[in-house]
Structure formats: C-alpha cells, structure tokens
Amino acid sequence: MPTPCDTLLTCDVLMTQDMARTTINDAAIAITNGTITAVGPKTELQGSFTPASHLDLGPSLVMPGLINAHTHVSMTLLRGLADDLPLMDWLTKHIFPVEQKLTPELVRLGALLGCAEMLRTGTTCFCDMYLMEAAVAEAVHQSGIRARVGEVIFAFPSPAYPDLDGALDVARGLEERWESDTRIRTAVMPHAVYTTNPDLLQRSYALAEELDVPLHIHLAESTTETAQCLEQTGQRPVAYLQDLGLLGPRTLAAHCVDLTDDEISILADSGTCVSHCPESNMKLASGFCPAQKLLDAGAMMGIGTDGACSNNNLNMFTEMGTAALVQKVHRMDPTVLRAQTVLDMATLGGAASLHWPELGSIEAGKAADLIALDLTRPNMQPMYNPASHAVYATNGGEVRLTMVEGEVLYQDGSYTRLDYPALLNEIREAAHWVQKQL
Ligand SMILES: [Zn+2]
C-alpha cells in the first residue's frame, strides 16, 4: 500500500549532505508536516508514496538550504552607507551613530529585505545579532525563513534597553515570546569584548545557561581588538573569555581572525564553535581566519556573511567561494579548505554551530529546508561534481526554489509570503530617512 505524503519533490540531481555525502540522480524527496520522510530514486518513491502535491523541478540540483552562521540582517538598510574604512572608525563614526536612532519599524524593514535576499540566494536559516531584535524576529516570522535571533548586549544603553538588567530582560522576553515557535530560536548575544565588561559577559553566559540557549559573540576579529583587550585586561581576547568561563560548546564566536596556535587549540578543545566570515574580514582588512587550522584542531565551524555593511551582501554562495579561495592564497596551498569542506561548513557545520541538528542535510527525519539550483544555466554545465559547482561555479542567481519546513517561500522570481514590490517602496522611503541622519 502506498504511503500518503504532503509533497513529493522530484529533480534531476539531489546532493543530500548525509553521512556518506550521497548524490542521487533522478531523485525524489517525500515530505510530510515539514519533515523529510523518505529520500531515494524517483522510480522507487513514486511507487511507494501518494502525495497530496507533486513538485517536479526537472533539471535542478536540489541541496540543503545554506545556513548563515553570523549576520546583522537589518543592516541591509545601511548597505553601502560607509565603505573603505578601518573597523573601529567605521563602527564608531558611521554605523553606531545611525543605529542609535533606528526605530523598531526600520529594523523590521531592513530585516525583511535581508530575509528576501537570503531566500533568493539559497539561505534557509541564519544567526542574527542586532538591536531591537524583537523587530527582526517579527520579520523572520513574516518571511517564513528560520533564524536564531538575539538582542545585542552592550555595556552602554541601546534604543532597546537602558542598562544590563534591561538588556537581559529583553533577551529573556525574546525567548519567552518565541519558545514554542518551530522556526525561531534565540540566543544571548553580548557584542564583543571591547564593548562589554566582565560582569556583563558572565551574567550573559549565566542567562544562556538558564534558558539553555547558545551564547553568540564577536571574538578576536582584528589585531586592534587584541591590542585594546591587552591594554584593558592584560589578556588577549580568547584567554580573557576563557578565564571568565565563556568558552565551550554553548558559545558561537564570530570571526576568530587574530589567533595564536595555542588559541586555536583552546577554542577547539573547549568545543567553542566558530562563524567564519571571510568577506567581512577582507573588506575591513581584519586579516585571515585560520579556518583550516581550526578545522584540523577539531573546531566546529559555520560560515557567515556578517552584516550587509561589511560584505556588502548576504549571499552564502559567494561567501563559500571566497572562503575557499582566500584560505588557499593565505596558506599558499590550493589543497586547503576543499569544496566539500566548505559546503559542509555552510550546511552541517552551520546546523551544529546554531545548535539546530534537524538542519543541514536532506535525510529522512530532518527538516524539509532545501533549495533548488537551475541546471540549465551555462555556468552550471557540465556538472561532474555538485559540491564543486556549489562552491566555485554558483553565484546564487541559479536558485529557483527555496523551501523551509516543507513550505515553498521563493520560486522562480516570486515570494509566496512577501509583497516584494511593496517592500521595495518601503525600503526607498527608509533610505531617505537614513540619509537625513548623516
Ligand atoms: Zn558581526
């Protein structure tokens, strides 16, 4: 007797990212209640399932949705506002002053634009740190994408809170609001060592433990950060966080550029996860994250775009290509950070780093978060190795379908939940407001 399912998706090529990294030609995926129930050859599944709907994607490469392991999605609103500056100047003279005047509505709008960009370029889940994050969560909810969200915590007042007690209340409130949601999870997110203090960091970690959510922080992003930390605390950033008890599997650290070999071991041995953001590191001339050394030491790693101001896009396909290329030239070794390794980081590594094990691969029992790339594009032909194409040949424009939890959110130029033309109009108006703040 055939089994009923909600959707039977068929395609020419399926890259599963399962344990054996299986690729199936003429493949099918059965989906029920947002979960993958079976994966296999089309002929096999077509005989064993009676779907409510059949989604035939033909000449497409279907693969797991990409996971953006570090971003500030609402910063799409400030994209291109200030470029070509050192990190600390850029942050304190150009970004922070505008951000202090943002409203929840502007944060929500910027987040919606970012979600639209990510859905269109094959990202199905992201880790987001920003101010007034409650408004980001609303945008995530509206767009249908998945995210782990957190209010950025500074040692100074933000538009969302007057002090640390207030900030921790916001983090707790965010978790309470979205606790039972399947697509939104939260984390506690102190900004960085240079914008916080020991009490703030330890109380943030205690709250993350209490809520049983991850802690996400920028760490060792530049030599300037290291110099400041040494001057203020007598320690380098990794040792400082280690002594405060903040390193461990619960912690996801973004950047991790300025690391010694000992610090690489400390991060890996403690189980601390790392978000590698190579384009932001290049644009701000922060340096090279020793990604291959971190992986060799056993660190869990994801890939992130960082915000749209330091990238300037949220495209995980181009980020994967950059991650591979820049590591090779940094090490002067073309064998490091191979295509499959980079793809693993952007899928399975992101899922593990975000503590979301149901994501990252296309297998029975996993969430139906997947994307389809158009294989009729000239840059996708011929295809000997799908992982190679995903990392080196794709630019994100090939994405023709994005599905989260079994729901199609983007297909062939159209969004199913977003009124994109209306959103563009609102963004144009918001951009006028931003320009007036300069
Ligand atoms: Zn960042």
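## Helix H2 and Glu 99

Helices here are DSSP runs of at least four residues, numbered from the N terminus. In this predicted model, helix H2 spans residues 87-99, and Glu 99 lies in that helix. Glu 99 has a relative accessible area of 4%, and because buried means under 20%, Glu 99 counts as buried. Not counting residues up to four places away in sequence, Glu 99 touches Met 75, Leu 78, Tyr 130, Leu 131 and Pro 159.

## Residues listed in the record

Which residues does UniProt list for "binding site"? The unreviewed entry gives Glu 99, His 191, Glu 221 and Asp 306. Of these residues, Glu 99, His 191, Glu 221 and Asp 306 are included in the lining of the largest cavity.

Asp 306 is placed in the loop between strand S14 (301-303) and helix H12 (316-331). Its relative accessibility is 5%, so Asp 306 counts as buried. With neighbours within four places in sequence left aside, Asp 306 is in contact with His 70, Thr 71, His 72, His 218, Glu 221, His 255, Cys 277, Ser 280 and Leu 314. The side chains of Asp 306 and His 72 are also joined by a polar contact of 3.0 Å.

## The largest cavity

The model has 3 cavities of 30 Å³ or more. The largest cavity holds about 220 Å³ of space. Its lining is made up of 24 residues, and His 72, Met 75, Leu 91, His 191 and His 218 lie nearest its centre. H2 and strand S7 (123-130) are the elements that give two or more residues to this lining.

Which element supplies the largest share of the lining of the largest cavity? That share, 6 residues, comes from H2. By residue class, the lining of the largest cavity divides into 14 nonpolar, 7 polar and 3 charged.

## The second largest cavity

About 50 Å³ of space lies in the second largest cavity. Its lining consists of His 276, Pro 278, Asn 281, Met 282, Gly 287, Phe 288, Cys 289, Val 326 and Gln 327. At least two lining residues come from each of helix H10 (278-283) and H12, and H10 gives the largest share, 3 residues. The lining of this cavity has 5 nonpolar and 4 polar residues, and no charged ones.

## The largest pocket

The largest pocket contains about 170 Å³ of space. Its lining has 13 residues, and those nearest its centre are Arg 148, Glu 175, Arg 185, Asp 212 and Val 213. Helix H5 (164-178) and strand S9 (184-186) each supply at least two residues of this lining. S9 provides the largest share, 3 residues.

How many residues in the lining of the largest pocket are charged? There are 7 charged residues, together with 4 nonpolar and 2 polar.

Thr 7 lies in strand S1, which covers residues 3-15. Thr 7 counts as buried because its relative accessibility is 10%. Leaving aside neighbours within four places in sequence, Thr 7 is in contact with Ile 29, Ala 30, Ile 31, Pro 51, Ser 53 and Leu 55.

Helix H14 (residues 386-393) contains the buried residues Pro 386, Ala 387, His 389, Ala 390 and Val 391. The buried residues of H14 pack against S1, strand S2 (23-32), strand S5 (60-64), H12 and helix H13 (339-353). At the start of H14, the backbone nitrogen of Ala 387 has a side-chain oxygen of Asn 385 within 3.1 Å.

How values were computed
Residues are numbered from 1 along each chain as its sequence is written. This is a predicted model: local features need pLDDT of at least 70, side-chain atom pairs count only at pLDDT 80 or more; totals for chains, interfaces and linings use all residues. Side-chain values use heavy atoms; hydrogens and water are left out. On a 1 Å grid over the protein atoms alone, a cavity is a set of points where a 1.4 Å probe fits but cannot get out, and a pocket is an open set with protein on both sides within 12 Å along at least five of seven lines; lining residues have an atom within 4 Å of a point. Grid points are joined across faces, edges and corners, and a volume is the space filled by probe spheres set on the points. Ala, Val, Leu, Ile, Met, Phe, Trp, Tyr, Cys and Pro count as nonpolar, Asp, Glu, Lys and Arg as charged, and the others, Gly among them, as polar. UniProt positions are given in the numbering used here, feature names are shortened, and annotations may be inferred rather than shown by experiment. Buried means under 20% relative accessible area, exposed over 50%, partly exposed in between (1.4 Å probe, protein chains only). Contact means heavy atoms within 4.5 Å. A polar contact is a pair of N or O atoms within 3.5 Å; within protein, one must be able to donate a hydrogen and the other to accept it, and residues adjacent in sequence count only if both atoms are side-chain atoms.
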